[in-house]
Amino acid sequence: MKISKRAEEMGYSPIRKLIPYADEAEKRGIKVYKLNIGQPNIVTPDSFFEGLHSYKEKIVKYSDSRGIPSLLDSFVRSYSQSGIELEKEDILITQGGSEAIFFTLMAICDEGDEVLVPEPFYSNYSSFSRFAGAKVVPIATSIETGFHLPDKKEIEALITPKTRAILFSNPVNPTGTVFTEKEIRMIGELAIEHDLYIIGDEVYRQFVYDDETEFLSIMKLDHLQDRVVIVDSISKHYSACGARIGLIASKNHELMAQILKFCQARLCVSTIEQHSAANLINTMNSYFEDVKLKYKNRRDLLFSYLSRIPGIVCSRPEGAFYIIAKLPVDDSEKFAKWLLTDYSYENMTLLIAPGPGFYMSPGKGRQEVRFSFCTNVDDIENAMIVLKRALVEYQRLFLTEKEAQ
């Protein structure tokens with residue numbers, strides 16, 4: 001039977017495609033430390049489950065396609081606490097941040113349009129763009145500059161009559177970079193001068209670790225509000241990835257009215273999970289303080305280990321849950337697979353996300369790997385012991401002396 005080109009051209013998740021090899025390693029009795037995915041191991045706050053148990057309706061009905069009022073109200077209050085003033089009419093509830101990005105791209109892009117995205121980027125950006133008939137045009141960043149943006153002229157050279165938007169995450173998945181106020185304002189200038197939308201993926205906005213690092217939401221720039229779309233989610237903020245509650249926020253009501261059509265086509269987001277998520281606004285501040293401190297300690301620990309392993313190049317991430325590191329290997333995908341199929345140290349190995357999956361440009365990220373520090377301190381320490389020894393063994397088996405350097 002015929003399979004669509006759309007399906008055949010769709011790539012497998014670079015974050016998940018090695019999982020079958022990890023499963024096989026575990027069947028052989030090997031302990032696999034999973035530093036490949038941004039799945040927090042922090043306990044979801046009690047307020048979510050209190051909201052769940054307070055649902056007393058006898059019929060689980062469809063909800064409004066826009067979202068239930070109590071959840072919309074809770075997000076309005078939450079954003080207000082961050083200095084962003086929104087009305088309920090500025091928000092649409094989505095099935096996670098993924099649907100929010102997908103619906104936004106579907107609403108602003110036609111077949112053949114282009115979307116600028118700083119590279120490396122969350123791998124699903126290219127998938128969602130492809131669904132919308134659009135093409136990702138990468139904005140090159142490098143590990144040597146901490147993955148910060150190039151100058152305005154370099155980005156401007158990528159803009160064509162087909163360019164519809166600039167899409168970026170901040171803090172950045174997969175690099176942990178937090179864009180400076182200067183960079184955010186530059187994006188705004190480009191959007192105004194070339195009549196572009198700005199899609200700001202801010203699902204990690206609460207995870208900025210150092211006092212000297214300032215996070216500026218693109219939504220706070222009032223002169224851009226007719227062209228700004230914010231994507232957010234409870235997945236990372238509240239360690240509730242499986243609840244699949246996200247949102248689109250914009251002051252552009254004409255655009256939001258169009259996106260609502262897509263929301264209506266999929267009927268509604270889970271009524272019970274919306275009800276549960278609405279109670280998250282009552283989460284104690286101490287929960288966030290504790291969670292942020294845990295991630296900061298894990299960030300510091302992982303960076304400390306990586307920066308001491310010979311041949312590794314990386315910069316300390318300012319936010320999010322990830323570090324991109326350049327390893328002394330010839331091919332990070334080959335190395336990552338080898339770790340699971342042919343290597344273990346004291347019956348331990350690790351699962352990592354190879355760098356090429358976060359790039360659109362051919363050949364980029366070939367020596368890079370994304371590490372997640374969502375796991376506990378002991379797992380990070382053990383994984384780094386394995387990594388250090390694995391690199392020595394891999395270089396002995398596969399690399400010449402010159403390549404190993």
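A: Residues are called buried under 20% relative accessible area, exposed over 50%, and partly exposed in between. On that scale Asp73, with a relative accessible area of 34%, is partly exposed. Lys88 is likewise partly exposed, its relative accessible area being 30%. These two residues form a salt bridge in the predicted model, and their closest N and O atoms are 3.8 Å apart. A salt bridge here requires a side-chain nitrogen of Lys or Arg within 4 Å of a carboxyl oxygen of Asp or Glu, so the pair of Lys88 and Asp73 qualifies at 3.8 Å. Asp73 belongs to helix H4 (69-81), while Lys88 sits in the loop between that helix and strand S2 (91-94), so the pair ties together parts that are 15 residues apart in sequence.

The structure as a whole holds 21 salt bridges. Side chains of opposite charge can pair when their charged atoms come close. Another of these pairs is made by the side chains of Glu99 and Arg266, with an N to O distance of 3.0 Å. This pair links distant parts of the chain, 167 residues apart: Glu99 is in helix H5 (residues 96-108), and Arg266 is in the loop between helix H10 (253-265) and helix H11 (271-278). Glu99 and Arg266 are both buried.

A further salt bridge joins the side chains of Asp210 and Arg299, again with 3.0 Å from N to O. Asp210 lies in the loop between strand S6 (197-201) and strand S7 (228-233), whereas Arg299 is part of helix H12 (residues 285-308); the pair thus links distant parts of the chain, 89 residues apart. Asp210 and Arg299 are both buried.

The axes of helix H2 (residues 19-27) and helix H13 (residues 332-341) come within 8 Å and cross at roughly 20 degrees. Because angles under 35 degrees count as roughly parallel, H2 is roughly parallel to H13. On the H2 side the contact is made by Tyr21, Ala22 and Ala25, and on the H13 side by Lys337, Leu340 and Thr341. Of the residues in this contact, 4 are nonpolar, 1 is polar and 1 is charged.

Notes: Residues are numbered from 1 along each chain as its sequence is written. This is a predicted model: local features need pLDDT of at least 70, side-chain atom pairs count only at pLDDT 80 or more; totals for chains, interfaces and linings use all residues. Side-chain values use heavy atoms; hydrogens and water are left out. Axes are lines fitted to C-alpha atoms, for helices over the stretch in contact, and angles run from 0 to 180 degrees between N-to-C directions. Helices (H or I, at least four residues) and strands (E, at least two) are DSSP runs, numbered from the N terminus. Angles under 35 degrees count as roughly parallel, over 145 as roughly antiparallel, 65 to 115 as roughly perpendicular and the rest as oblique. Contact means heavy atoms within 4.5 Å. Ala, Val, Leu, Ile, Met, Phe, Trp, Tyr, Cys and Pro count as nonpolar, Asp, Glu, Lys and Arg as charged, and the others, Gly among them, as polar. Buried means under 20% relative accessible area, exposed over 50%, partly exposed in between (1.4 Å probe, protein chains only).
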